Amino acid sequence: MKAELTWHTEKRLIKELIPLERNPFGKINREKKKRLENKIKRLGVFEIPTIDLNNELLTFNKRCHILMALGRGDESIDVRVPDRALTDDERKEVILASNIHEGEW
C-alpha cells in the first residue's frame, strides 16, 4: 500500500500543463463551453488545477483548453501537485472525485 498523499501548491505556466489523454468526461458541448468561457472571462481563474508529477492535468482540462484558446498560455497559475507518483487507482479517483460538480441552484 502506498503512503498517504500530501498535496502542495506550485506555479506553472498554463502552456506547460498537459491535457489528460483519456478524459472520462469527454467533449463539452458548444453551449457549456461558451458558459465556461464566459465564467472564466467574468470571474478569472479561481479554481486550482490538480496535476501529476509530469504536469498532466487530472482536473481543469476544459478550463485549460479555453485559457489556451483565449491566448493566456504564458500566464502562471497555481497548481496542486502530489508529493509522490500516484497509483493508477489514485489517479482515477482524483479525476472522478474532482469533476462531479455540475450542480444547479
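User: How many cavities of 30 Å³ or more does a search of the whole structure find?
Analyst: The search finds one. Keep in mind that this is a predicted model.

User: What volume does the largest cavity have?
Analyst: About 60 Å³.

User: Which residues line it?
Analyst: The lining of the largest cavity is made of Leu-36, Lys-39, Ile-40, Gly-44, Val-45, Phe-46, Glu-47, Phe-60 and Arg-63.

User: How do the residues of that lining divide into nonpolar, polar and charged?
Analyst: Five are nonpolar, one is polar and three are charged.

User: Which element gives the most to the lining?
Analyst: Helix α1 does, with three residues.

User: Okay, step back. How many helices and strands does the chain have?
Analyst: Three helices and two strands. Along the sequence the pattern reads β-α-α-β-α.

User: What share of the chain's residues count as buried?
Analyst: Of its 105 residues, 31% count as buried.

User: And the contacts between residues at least 6 apart in sequence: what share join residues at least 24 apart?
Analyst: That share is 85%.

User: Back to α1. At what angle do α1 and α2 pack?
Analyst: About 70°, with the axes 10 Å apart. Helix α1 covers residues 30-43 and helix α2 covers residues 61-69. The angle falls in the 65 to 115 degree range, so α1 is roughly perpendicular to α2.

User: Which residues make the contact?
Analyst: From α1, Lys-33, Leu-36, Glu-37, Lys-39 and Ile-40. From α2, Lys-62, Arg-63, Ile-66 and Leu-67.

User: How many residues of that contact are nonpolar, polar or charged?
Analyst: Four are nonpolar, none is polar and five are charged.

User: Which residues of α2 are buried?
Analyst: Asn-61, Arg-63, Cys-64, Ile-66 and Leu-67. Helix α1 is part of what covers them. Arg-63 also turns up in the cavity lining, and in the contact with α1.

User: What follows α2?
Analyst: Gly-71, with a positive phi near 80°.

User: Is Phe-60 buried or exposed?
Analyst: Buried, with a relative accessible area of 7%. The cut-off for buried is under 20%, so Phe-60 qualifies.

User: What's the phi of Phe-60?
Analyst: About 80°, which is positive although Phe-60 is not a glycine.

User: How about Asn-55: what is its phi?
Analyst: Near 70°. Again the value is positive in a residue other than glycine. Asn-55 is in the loop between α1 and α2.

User: Buried or exposed, that Asn-55?
Analyst: Asn-55 is buried, at 16% relative accessible area.

User: Last one, Leu-53. Where is its place?
Analyst: In the loop between α1 and α2. Leu-53 is partly exposed, with a relative accessible area of 46%.

User: What does Leu-53 touch, not counting residues up to four places away in sequence?
Analyst: Val-81, Pro-82, Arg-84 and Ala-85.

User: How many residues apart along the chain are Leu-53 and Ala-85?
Analyst: They are 32 residues apart along the chain, and their C-alpha atoms are separated by 6.3 Å.

Terms used
Residues numbered from 1 in each chain as written. Predicted model: local features only at pLDDT ≥ 70, side-chain atom pairs only at ≥ 80, totals over all residues. Heavy atoms only, no water. Axes fitted to C-alpha atoms, helices over the stretch in contact; angles between N-to-C directions. Helix = DSSP H or I, 4+ residues; strand = E, 2+ residues; numbered from the N terminus. Parallel < 35°, antiparallel > 145°, perpendicular 65-115°, else oblique. Contact = heavy atoms within 4.5 Å. Nonpolar A, V, L, I, M, F, W, Y, C, P; charged D, E, K, R; others polar. Buried < 20%, exposed > 50% of the residue type's maximum accessible area, 1.4 Å probe, protein only. 1 Å grid on protein atoms, 1.4 Å probe; cavity = no way out; pocket = protein on both sides within 12 Å on 5 of 7 lines; lining within 4 Å. Points joined across faces, edges and corners; volume = space filled by probe spheres on them.
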